[in-house]
Amino acid sequence: MSGAPQLIEAVLLVSARPVGLGALCSATGLSKEEVSTALAGLGERYSPENSGIVLRNVAGGYLLSTNPACSSAVERFREEARPAPLSGAAHEVLSCALYLGPLTRGEISRVRGVNSDAVVRSLLERGLLAEVGADRESPGSPALLSVTDDFLVATGAASRDDFPPLDSLVGPEELARVRDRLTPAGEGPPTHSPEDAL
Amino acid sequence: MTLEPPRRSLSDFTVELDVYSGPYEWLLALILKDELEIFEVPLRELVDHYLRIRDPEDPNSLDRDTDFAGSAAALVLLKSRTLSPDFESEGDEEVALSPEELAERLSAYLKIRRGADSLRERFASNAGHHPSAHSLPPRPGSLRIDPERLSGAARRAFSRLAEPPVRHLGPITVTLQELASTIRLALAGGPVAYEDLIRNMNRLHSAVAFAAALSLAQEGHLRLSQSEPLGPLTLEPPA
């Protein structure tokens, strides 16, 4: 008879997607407590220091993946190159969707100050963004975009709460500096360009 | 003397950039069709690439250089115009922004950009993970169905199609049963050729007679024999 860790290990091995706690309980017939205890043990066994396989808690579930330290050997074996890194514009669009989403293409373009439709299209194709609804109050009910589970897996996040809050990303001094440069006391309109301000 | 068709001087120039890899002319087409953001295209890298592969000994080099300089200048102009605020069309709104509003917008953008920087690091640090190669089929229970799209699809599927116009057809004056009886009578005397059967019939009767013969054959009341495709058809009593 197999124990809880073996059962969970086997289920995780055959899944290319994160498996949630509920799905693990359902597949193995174990209770939540038993699964959680077994996962803690597996986490130690499959840590980056001990194994070529690591247990990750991503996108609301658990996923066995190869250890990044072994990635070059894996990529040589599979004869496939790692996908090209995303562009700066793509990271900005994802940042908008993560922190301000769900939001429309127009809102993304407004935040970035440039048309972002092509970047959004490319991210939809890569499965990092998805249409999750429609803004019924805007003319034409444009689609609302948000980040996907694939995005959480690719960034190694268990949930959206894993990311630092937006307001913590820029210090108050830095924001004050932007305001000071744009609104000089006692003077008229700003003479600096936005690039100078940033 | 033979005339060779004119060759486009940049037709064999291919580029290798992070955002695009392929023929230069396609790159221009993608930019013009808004399939590729001009902001994404590093123009300096593009020019450097051209200068690296440029062959001054090529007899077409002058044409190539001229074409490339023209298109590259157009890209620079397009990029600079896109980056600059459009004061003619929507400039009013931009100019009307107060310094405080502008500061607010820039602060919001600054946060998003910092978020983007942090995402870049997370993507980079997680890029080496390869999950199991087993891909499970999607579970029906996890499909997300938009009720509106479903009702739209149902409306289209169940809506009645427009009736085809039939005014060009004359009144139908014969039934399948009548011609089935005619065929049965003819078969009482032995095999009969289809051509003989319909000799005195009009086109409508001929067509219905053929349908009746097929129907009788399917029910086993007669046999159809035809020695070759499109050859003479004979109706025979069942064995």
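1. Read from the N terminus, chain A has the element order α-α-α-β-β-α-α-α-α-β-β-α-α-α. That comes to 10 helices and 4 strands. Helices (H or I, at least four residues) and strands (E, at least two) are DSSP runs, numbered from the N terminus.

2. On provenance, this is a predicted model, in which local features need pLDDT of at least 70 and side-chain atom pairs count only at pLDDT 80 or more, while totals for chains, interfaces and linings use all residues. Residues are numbered from 1 along each chain as its sequence is written, and chains are lettered from A and ligands numbered from 1 in the order in which they are written.

3. Of the 198 residues in chain A, 30% are buried. A residue is buried if 20 or more other C-beta atoms lie within 10 Å of its own, exposed if 12 or fewer, and partly exposed in between, with C-beta atoms placed from the backbone. Among the contacts in chain A with a separation of 6 or more, 45% are between residues 24 or more positions apart. Two residues are in contact if their C-beta atoms, placed from the backbone, lie within 7 Å.

4. Helix 5 of chain A is largely enclosed by the rest of the structure, because 11 of its 13 residues are buried. The buried set includes A:His91, A:Glu92 and A:Ser95, as well as A:Val93, A:Leu94 and A:Leu98. The cover over these buried residues includes helix 6, helix 7, strand 3 (129-134), strand 4 (143-147) and helix 8 of chain A, together with helix 5 (99-126) of chain B.

5. The contact between the chains takes 49 residues from chain A and 40 residues from chain B. Several elements of chain A each supply at least two residues to the side that touches chain B, among them strand 2 (61-66), helix 4 (71-78), helix 6 (105-112) and helix 9 (172-182). Helix 5 of chain A gives the most to that side, with 9 residues. By class, the side of chain A that touches chain B has 32 nonpolar, 12 polar and 5 charged residues. Here Ala, Val, Leu, Ile, Met, Phe, Trp, Tyr, Cys and Pro count as nonpolar, Asp, Glu, Lys and Arg as charged, and the others, Gly among them, as polar.

6. Chain B has 9 helices and 5 strands, in the order β-β-α-α-α-α-α-α-α-β-α-α-β-β from the N terminus. Of its 239 residues, 13% count as buried. Residues 24 or more positions apart account for 54% of the contacts in chain B with a separation of 6 or more.

7. In helix 1 (residues 24-32) of chain B, the buried residues are B:Tyr24, B:Leu27 and B:Ile31. Seen down the helix axis they fall within an arc of 50°, so they line one face of the helix. The arc is that of the directions from the helix axis to the C-beta atoms. These residues pack against strand 1 (14-16) and strand 2 (21-23) of chain B, whereas B:Ala29 and B:Leu32 are exposed on the other side of the helix. B:Asp34 follows helix 1 of chain B and has a positive phi, near 60°.

8. In helix 9 of chain B, B:Val208, B:Ala209, B:Ala212, B:Ala213 and B:Leu216 are buried. They cover an arc of only 145° around the axis, which puts them on the same side of the helix. The face turned away from that side carries the exposed residues B:Arg203, B:Leu214 and B:Gln218. Elements covering the buried residues include helix 7 (176-187) and strand 4 (223-226) of chain B.

9. Chain B also has an open sheet of 3 strands in the order 3-5-4, with antiparallel pairing. Strand 3 (192-193) and strand 4 of chain B are at the edges with a single partner strand each, so one side of each lacks a neighbour in the sheet. Two strands pair if DSSP finds at least two bridges between them. Strand 4 and strand 5 of chain B are joined by 4 bridges, and strand 3 and strand 5 of chain B by 2 bridges. B:Leu235 is the bridge partner of B:Leu224 and also stands opposite B:Val192.
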